[in-house]
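Q: I have a structure open and want to talk it through. Can we take it piece by piece?

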Amino acid sequence: MAKVTSYGAAQTVTGSCHLVKINSIHILIDCGMFQGDGGSERNYAPFEFDAAKINYLVLTHAHLDHIGRVAKLIKEGFCGEIIATQPTYDIAKIMLLDSAKILKEEYKTLRRKARRRGEEETVFEPLYTEDHVHQLFEKKWHTLEYFEHHKLHQHIRVSLGNAGHIMGSAFVIIDYHEKSEAKRIVFSGDIGSPHRLIIDSADAVDKSDALFIESTYGDRNHKPLRESIDEFKKAVIATLEHDGNVLIPSFALERTQEILWLLREMYEDGELPKCHVYLDSPLAIKATKLYNKYPIHLSDEVEFQSSIGNDPFSFELLETTSKREDSLSINNVKKRAIIIAGSGMCTGGRIMHHLKHRLWNPKNTVIFVGYQVKGTLGRRIIDGEKFVKIYGEEIITGAKIYTINGFSAHADQNDLIEWIRPIKGLKTLCLIHGETEKMQLFATTIKEALNLDAHIMEYGVSITL
Ligand SMILES: [Zn+2]
């Protein structure tokens, strides 16, 4: 008998964490961080399961909302094996080290403020430190190629398929026997839309008894990628031609490399007006190096560029600014700059100082190329707030704002339906990783399109398969 309980990404898009119990074997699928409103308290709350009893932790991909509580899991007693693809292993390391640094800075600031109020003891220690992250990578890891089997127990094996979401991303297939009958559970992880810019589309699943599928965009369809690329190019060209600057709040993983690939293409084709291009994110600079390390995990076109000795993510105009002083000196460039900086949702990082200096100016443009979670500064800007507070200062949102969602690393409603359609033998279909209203709409569409009943997972409530 198998039992599944969601301890995150249940009617929300962050904090992915799903516990699968098959007899005495406990497998945790992802252990991610909660982000957005109320995220912090949820991350600090103890796990509502016994971390020491988990035998295996499978990581679908290296986004923080899927890996951000792994160090905490170890602190709470997990000593099992961690399973992931090789790129996920490498990317997880840079993501978690970066996150530990941010947590430390946040902790120092909060403590300083609390001390002035005489409430120093109310501030929690950081969720994890760089030391915890180093310890995590000394644990037992088992990396898998796509569709390579890994035996967890006499009757249980796990394999990973390409989820087409970011480099190295995977869906998880758990095969087991119940009273000598073969059974299968699939967890989608985050599924990418087909026809992505730099990676291959998700692999198909032929059969499964149960599917736990993400529903981030279960309620809508994206604009076609081609349209989004055109919109992006037009916004960039128009802004530069009017001597404005382009700010691109970007996620360090995948989105940054897609933007670099596109800008490189524009440059090669002579479409990019004279400008300075800055990749102003130490994390994105490191991530881009990893993308160059695994061309085999990228699309044929990118792999080809790499094979003939071209760097697919660089071109003559591009400057990478790892050091803080180099980042600050970008403020001296008054016109015709394209600045790619994190964080993608404007919750911190170098994009904050660029927004502070440039958001007010109607000549400038901010292009959002990723999902903005409720409660983030990015969401407030795209929702049209007239003024936003940055580093304690009220800034008017005078710049032109573009939201280009066709780059999304997530499949849209149609893509998800088409990914589910070929799966034979589905008896249980559960929705995870989505906001409640979107999940309800998605469940209705699934019923109409596939005649399947979808169950919306609730936090902490188990489902028996
Ligand atoms: Zn993701």
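Q: Where does valine 277 sit?
A: In this predicted model, valine 277 is in strand β13, which covers residues 276-279.

Q: Is valine 277 buried or exposed?
A: Valine 277 counts as buried, because it has 26 C-beta neighbours inside 10 Å. The cut-off for buried is 20 or more.

Q: Which residues is valine 277 in contact with, leaving aside its neighbours within four places in sequence?
A: Valine 277 is in contact with Leu263, Leu317, Leu318, Glu319 and Ile338.

Q: Take leucine 263. What separates its C-alpha atom from that of valine 277?
A: The separation is 9.0 Å. Along the chain, leucine 263 and valine 277 are 14 residues apart.

Q: New topic: phenylalanine 124. Where is that?
A: Phenylalanine 124 is in the loop between α4 and α5, where α5 is 130-136.

Q: And is phenylalanine 124 buried or exposed?
A: Phenylalanine 124 is exposed, because 12 other C-beta atoms lie within 10 Å. Exposed means 12 or fewer.

Q: What is the C-alpha separation of phenylalanine 124 and glutamate 268?
A: It is 50 Å. These two residues are 144 apart along the chain.

Q: On to helices. At what angle do α4 and α8 pack?
A: The angle is about 170 degrees. Helix α4 is residues 86-116, and helix α8 is residues 282-293. Their axes are 10 Å apart.

Q: What do we call that arrangement?
A: An angle over 145 degrees counts as roughly antiparallel. So α4 and α8 are roughly antiparallel to each other.

Q: Which residues meet there?
A: From α4, Pro87, Asp90, Ile91, Ile94 and Asp98 take part. They meet Leu283, Lys286, Ala287 and Leu290 in α8. By class, the contact of α4 with α8 has six nonpolar residues, three charged and no polar.

Q: How does α7 cross α8?
A: Helix α7, residues 255-268, crosses α8 at roughly 75 degrees. The two axes come within 9 Å.

Q: What does that angle make them?
A: The range from 65 to 115 degrees counts as roughly perpendicular. So α7 and α8 are roughly perpendicular to each other.

Q: Which residues of α7 and α8 meet?
A: Thr256, Gln257 and Leu260 in α7 meet Ala284, Ala287, Thr288 and Tyr291 in α8. The contact of α7 with α8 divides into four nonpolar residues, three polar and no charged.

Q: So what about Ala287?
A: Ala287 of α8 meets residues of α4, and Ala287 also meets residues of α7.

Q: What about α13 and α14? How do they pack?
A: Helix α13 (residues 413-420) and helix α14 (residues 436-450) pack at about 50 degrees. Their axes are 11 Å apart. That angle makes α13 oblique to α14.

Q: Is the crossing left-handed or right-handed?
A: α13 passes α14 in a right-handed crossing.

Q: Which residues are involved?
A: Gln413, Ile417 and Ile420 in α13 meet Phe442, Thr445, Ile446, Ala449 and Leu450 in α14. This contact has six nonpolar residues, two polar and no charged.

Q: Now zoom out. How many helices and strands are there?
A: The protein has 14 helices and 22 strands. Its C-alpha trace spans about 70 × 55 × 45 Å along the principal axes.

Q: How does the radius of gyration look?
A: The protein has 22 Å. That agrees with a compact globule, because 465 residues would give a radius near 23 Å.

Q: How much of the protein is buried?
A: Of the 465 residues, 46% count as buried.

Q: And what share of contacts is between residues 24 or more positions apart?
A: They account for 73% of the contacts with a separation of 6 or more.

Notes. Residues are numbered from 1 along each chain as its sequence is written. This is a predicted model: local features need pLDDT of at least 70, side-chain atom pairs count only at pLDDT 80 or more; totals for chains, interfaces and linings use all residues. Axes are lines fitted to C-alpha atoms, for helices over the stretch in contact, and angles run from 0 to 180 degrees between N-to-C directions. Helices (H or I, at least four residues) and strands (E, at least two) are DSSP runs, numbered from the N terminus. Angles under 35 degrees count as roughly parallel, over 145 as roughly antiparallel, 65 to 115 as roughly perpendicular and the rest as oblique. A crossing is left-handed if the near helix is turned anticlockwise from the far one by less than a right angle, and right-handed if clockwise. Two residues are in contact if their C-beta atoms, placed from the backbone, lie within 7 Å. Ala, Val, Leu, Ile, Met, Phe, Trp, Tyr, Cys and Pro count as nonpolar, Asp, Glu, Lys and Arg as charged, and the others, Gly among them, as polar. The radius of gyration is taken over C-alpha atoms; the globule rule is 2.2 Å times the number of residues to the power 0.38.
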